[in-house]
Amino acid sequence: MGNRVAIVGAGMTKFVRRAQETGKELSYHAAKMALESCGMTLDQIDAVVLGTAPDTFDGVHMKGEYLSDGAGAWGKPYMRSYVGGGTGVFSVAQGWYHIASGLIDTCLVVCEEKMSSYQPHAQAAFLTIFDHTTERPLKPNLLWIFALEMNRYMNTYGLRKEDIALVAVKNKNNALDHPCAQIAKAVTVKDILNSEVLAWPVQRLDVSPVSDGAVALILTNETIAHRVTNKPVWVEGVGWALDTSYWTNRDLCYPRYVEEAARMAYKMAGITDPRHQIHVAEPYDPFDYKELHHMEGLMLCGKGEAPQLTVDGVTQRDGELPTCPSGGLLGVGNPIAAAGLMKVAELFWQLRGEAGKRQIARKPKRGVAQAWGDLMQVGTVVVVGI
Amino acid sequence: MKKSNIKNQSSSEGREVRIEHKKSLSPHYSLLTTKFQGVGLSDDDIKKGKVCTTHWIGDTKYAWDQGIAIGKYLEGLKHGKILGVECHKCGRKMVPPRMFCEWCFKTIDGWVELFDTGVVNTFSLCYVTWDVKRVKEPQIPAVIEIDGASKGMGIMHLLGEVNPKKVYIGMKVKAVWKSEKEREGAITDILYWKPIK
Amino acid sequence: MSDRVAIIGIGATQFRSISPDLSYKELMFEAAVKAYEDAGINPRKDVDTFVTCAEDYIEGTSIFDEYVPDQIGAALKPVHTIGGDGLHGLATAFLQIRTGRFEVAVIEAHCKPSNMLTPDGIEACGQDPIYNRPLELNTHFIAGLEMNRFCYETGITYDHCAKVVIKNRKNALNNPIAGRAAKLTLDDFKYADGIACPLTDLDVAQPVDGAVVIVIASEAKAQALKKNPIWITGIGWCNGTPSLESRDWVRPEYVTKAAEMAYQMAKITDPRKEICFAEIDDRYSYKELQHMMALKLCCECGAGQCIERGITDIRGEFPVNPSGGALGMGYLYEATGLARLYCAVEQLRGDAGKNQIKNAKTALIQAWRGLPTTSAVVTILSVSGGNDGK
């Protein structure tokens, strides 16, 4: 059914708090590196897709159009997709359906974010994601919805902050081996628990930073993949689901929309036992508890069980199910859309044995990347295999 | 590098694709030695004018039509009432109101008056404002399940008149309203929710 | 496995200059209910993927896709937003169905420009922040520059452009959902206010509120559900340069490339002969003529003469914008392309009432994303699914 689609090249920029480069330049650097990594040139690319999150960060309306030249789209079919924070992983699904349709043979997937343009701080831009009548007059803060969700999750399953903090420790330490990392640091649980309380139960070191950065992948059909590289990484399954916008009507303790997206992706990939058939996972981790929340949504463990896996070391790089070996958003940085695609790039490098110091020794053959976004609402999942 | 015209047999459109000969990782390219781009700037670089900057304050103002569902909800708030809607197919009583049941995909069947009391579903103690200013006394946002609506039907609002350390999930609360003449038909007609003793 | 994809349902609200009684959610719900009724489907069970088209700055809400699923029956289903015109959404859904993994797809777009209190300020945010915005010009200036150079190089006159407006707004008089119908004459243009010379306010399509929902399906599903599906035989899309400083002010190459992609797919070699009518973008009056040329739809006499001789009139040899276009229906921002698609489908089904074109068998619909973009989509629809000719 449809054509097989492979990832054949990847590139990214450093993730920094504020980049000198414009959004166009960041996109260009990532795209150029991705092309160079597989010896392809821009004229061999049939179509370009771009993922980037709120236009408000850059203060540019129709940001997709503004970035199109940096992303290599001049004179080409070009589209920008948008599902909030889920965009990074979704853009791979977008590239996938371009090629699986048979109309397009090669696709450049670019994700870019430049959050530093917004003054005084990008966080303030998030005011505008809330409902303009029933929520914005209360001056909500992005931290609120994470804190509300973290509290509900902890309360429902009786989880401890000490266990959740282990995720931040793992990821920030993992990121020390990532050349593009923004805030890699050798931290301990004590550091996390002593950090400033932002919106209880969320503390400063539980949170990923605001960042600028870009990532790009090259996707091709099967025939071309075999010509370009002897190690194509196949897009085996894609899934996405968007829950109701009435988030206050939902129980935030479980991300059912991640499960829906995962089911769609696993079905396509022929996965029936995710816990054992997936060898490496990159769930979205803008906050430490989110990695756990999403591991459960991805059905890598039962509800409320993810913290125990972390405590037991299962999710370490040398554990049974390495999770966020890249260092994730907590360690590498969170330029929203680019962060999601960074996770897929990580799987690409891990499966090919090119992850350098971050390489998982066990030779993973199959990985899952997942991103999340909107008002605790969207799950986007991609399964890749070699 | 030689380029050859190779018919792409997997494309049903029969287009030609030019692609180079087979290779593994391009010999001159290695991730281990590659230089990642991206120049980080500090606050100082900008304040001291080491880089050029431009500034823009947008003129972006909106006035949103509330429509039937939220329009009536706001009117209810002005009169000190919390209104919800019901769907007879799934039996849910919903708040905030909407003209359609999103699960059954049909128009709602009627309006119900709910209570101005509820139960805290989840909450937080927030020490940072929306525009990133630190505050001593925390704001207490919460999702409050409204009495009279179906289980789990909550709205977001603030808690007040409560010791932050004493807030818990499951706490019963009641709305504290603005005075009648101060109400304008907005979610802020409810000042906050306080615990019911 | 067949590759064919068809339109099986369409729904739209009235296009009005204001819609104070309804929120955007309620507008979307109305269009969705109509489209699903037309297609005979239940979105909760029968639809595999939903694509919506929106831009945050137009809505006044960031991450706007948060708010779309409920009112189109898409809660907890595969939904995503494309930052593009409704026809970009159509291309997306088309690709998804062609993968073979999805059988029924829904595309939605809407807008409520009446809720934008400072439309000029909002549109200005689309200009390049470093090179263009500091000049503090109303965004229409870009169209003024283009119209000036276009007319200068092609010999098309301002009267030709005015006649486009007169034709389209007159067509809209017989289109029940149109919001900006009017009976104008050339005299009216003498008194029109200048916006960005040579553009006058009559040359610019005025915004309206509205929502459109389209349902498409794979061939197997289309045959099962609909007696007369309308086939999408070709689709193409392309971008030019976003920067003003490096663009061609006369020839929109990206429109030509998008059309070539669509023509190749539809196996059309002589568009003027093989297509019966066209709905093409006319956000600005001169744009209809510029796009006609880029789409290779003019006869040898040229676009100016096409309008002069009535060739593109509704009863002419090659009707262009029988719906009234954006000038006559109103400009719907991201929903513009879908609104034209809606009217084209009505024509092909024989449901266009007083504006019905005889023997309408194949249509071309083209969208342009508006200023300051160079982004276009072209799609070819056909009653029989093959090359019908006229």
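Ile235(C) stands opposite Thr379(C) in strand S11 of chain C, in a model that is predicted. Strand S11 (residues 375-382) has eight of its eight residues buried, so it is largely enclosed by the rest of the structure. Here a residue is buried if 20 or more other C-beta atoms lie within 10 Å of its own, exposed if 12 or fewer, and partly exposed in between, with C-beta atoms placed from the backbone.

Residues are numbered from 1 along each chain as its sequence is written, while chains are lettered from A and ligands numbered from 1 in the order in which they are written. In this predicted model local features need pLDDT of at least 70 and side-chain atom pairs count only at pLDDT 80 or more, whereas totals for chains, interfaces and linings use all residues.

**Strand S11 and its partners**
- Strand S8 (residues 230-239) of chain C pairs with S11(C) in the antiparallel sense over eight bridges; two strands pair if DSSP finds at least two bridges between them.
- Strand S10 (residues 362-368) of chain C also runs antiparallel to S11(C), joined to it by seven bridges, and Gln366(C) stands opposite Val378(C).
- Six residues separate the strands in the hairpin of S10(C) and S11(C), where Gly370(C) takes a positive phi near 90°.
- One side of S11(C) carries Ser375(C), Val377(C), Thr379(C) and Leu381(C), the other Ala376(C), Val378(C), Ile380(C) and Ser382(C), and all are buried.

**Chain C as a whole**
- Chain C has 15 helices and eleven strands, taken as DSSP runs (helices H or I, at least four residues; strands E, at least two) numbered from the N terminus.
- The radius of gyration of chain C is 19 Å, close to the 21 Å that the globule rule gives for 390 residues, so the chain is as compact as a globular protein of that length; the radius is taken over C-alpha atoms, and the rule is 2.2 Å times the number of residues to the power 0.38.
- Buried residues account for 65% of the 390 residues in chain C.

**Gln206(C)**
- Gln206(C) sits in the loop between strand S6 (199-200) and strand S7 (210-218) of chain C.
- Gln206(C) is partly exposed, with 14 other C-beta atoms within 10 Å.
- Not counting residues up to four places away in sequence, Gln206(C) touches Arg180(C), Gly330(C) and Tyr331(C); contact requires C-beta atoms, placed from the backbone, within 7 Å.

**Contact between chains B and C**
- The contact takes 22 residues from chain B and 30 residues from chain C.
- Helix H2 (residues 67-78) of chain B supplies the largest share of the side of chain B that touches chain C, three residues.

How values were computed. Two residues are in contact if their C-beta atoms, placed from the backbone, lie within 7 Å.
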